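User: I'd like to learn how to read salt bridges, patches and cavities in a model. Can you walk me through this one?

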Amino acid sequence: MAASGIRGPKEIWQAFQWSMKGLRAGWQHEASFRLEACLAIVLVPLGLWLGHGALEKLALVLPAVLVLSAELLNSAIEAVVDKVSPEFHELAGRAKDMGSAAVFLLLVMVVLSWALIIGPRLL
């Protein structure tokens, strides 16, 4: 249901609390999210340190953050699918597989970004 009326500090604070609740749920219930978060904890500061200029820093940091976002969305898709359709259904499996594929593609982008930016400096 869409929010109606003006959103003030109280509503913004509530939205922030819901977001933190979602991050906690991702950390508590999703092993993949924990693993990717640990990877981001390493890659984000490293990217900020190794990147030359704002665009390189962004190209090294953003993919790791996008992986976390996609993993949360993938987990949300899986939770809803499991709630609505606990028995196997081809469309339910397809939805889960496509969410997983989105995370995979972003992980490829992490590797590609780091390889293209940091790789030449190592060679």
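User: Let's start with Asp82: is it buried, partly exposed or exposed?

Analyst: Keep in mind that this is a predicted model. Asp82 comes out at 40%, so it counts as partly exposed.

User: Which side chain does Asp82 meet in a salt bridge?

Analyst: The general idea is that side chains of opposite charge can pair when their charged atoms come close. Here the partner of Asp82 is Lys96, at 2.5 Å from N to O. Asp82 sits in helix 3 and Lys96 in helix 4, so the bridge ties together parts 14 residues apart in sequence. Lys96 is partly exposed too, with a relative accessible area of 26%.

User: How many salt bridges does a search of the whole structure find?

Analyst: Three. Another one joins Glu56 and Arg121, with the closest N and O atoms 2.2 Å apart. That pair links distant parts of the chain, since Glu56 is in helix 3 and Arg121 in helix 5 (residues 119–122), 65 residues apart. Glu56 has a relative accessible area of 24% and Arg121 one of 35%, so Glu56 is partly exposed and Arg121 is as well.

User: And what separates Arg94 and Glu90 in helix 4?

Analyst: About one helical turn, because they are four residues apart in that helix. Their side chains meet in a salt bridge at 3.1 Å, N to O. Arg94 is partly exposed at 41%, while Glu90, at 55%, counts as exposed.

User: On to patches. Which residues make the nonpolar surface patch?

Analyst: Leu55, Leu58, Leu62, Val65, Leu66 and Met109, giving about 510 Å². Helix 3 supplies the largest share, five residues. Take Leu58 in helix 3: at 48% relative accessibility it counts as partly exposed.

User: What lines the largest cavity?

Analyst: When you read a lining, look at who contributes and by class. Here you'll find Glu36, Leu39, Ala40, Leu43, Ala64, Val67, Leu107 and Val110. Helices 2 (31–50), 3 (53–84) and 4 (90–117) each give two or more residues, and helix 2 gives the most, with four. By class that's seven nonpolar, no polar and one charged. The volume is about 30 Å³.

User: How much space lies in the largest pocket?

Analyst: About 160 Å³. Its lining includes Gly22, His29, Glu30, Leu72 and Ser75, and helix 1 (9–29) and helix 3 are the elements giving two or more residues. By class, the pocket lining has four nonpolar, four polar and one charged residues.

How values were computed. Residues numbered from 1 in each chain as written. Predicted model: local features only at pLDDT ≥ 70, side-chain atom pairs only at ≥ 80, totals over all residues. Heavy atoms only, no water. 1 Å grid on protein atoms, 1.4 Å probe; cavity = no way out; pocket = protein on both sides within 12 Å on 5 of 7 lines; lining within 4 Å. Points joined across faces, edges and corners; volume = space filled by probe spheres on them. Nonpolar A, V, L, I, M, F, W, Y, C, P; charged D, E, K, R; others polar. Patch = residues over 30% accessible without salt bridge, like charges linked within 9 Å, V, L, I, M, F, W, Y side chains within 5 Å. Areas by Shrake-Rupley, 256 points an atom, 1.4 Å probe, with all protein chains shown as cover. Salt bridge = Lys/Arg side-chain N within 4 Å of Asp/Glu carboxyl O. Buried < 20%, exposed > 50% of the residue type's maximum accessible area, 1.4 Å probe, protein only.
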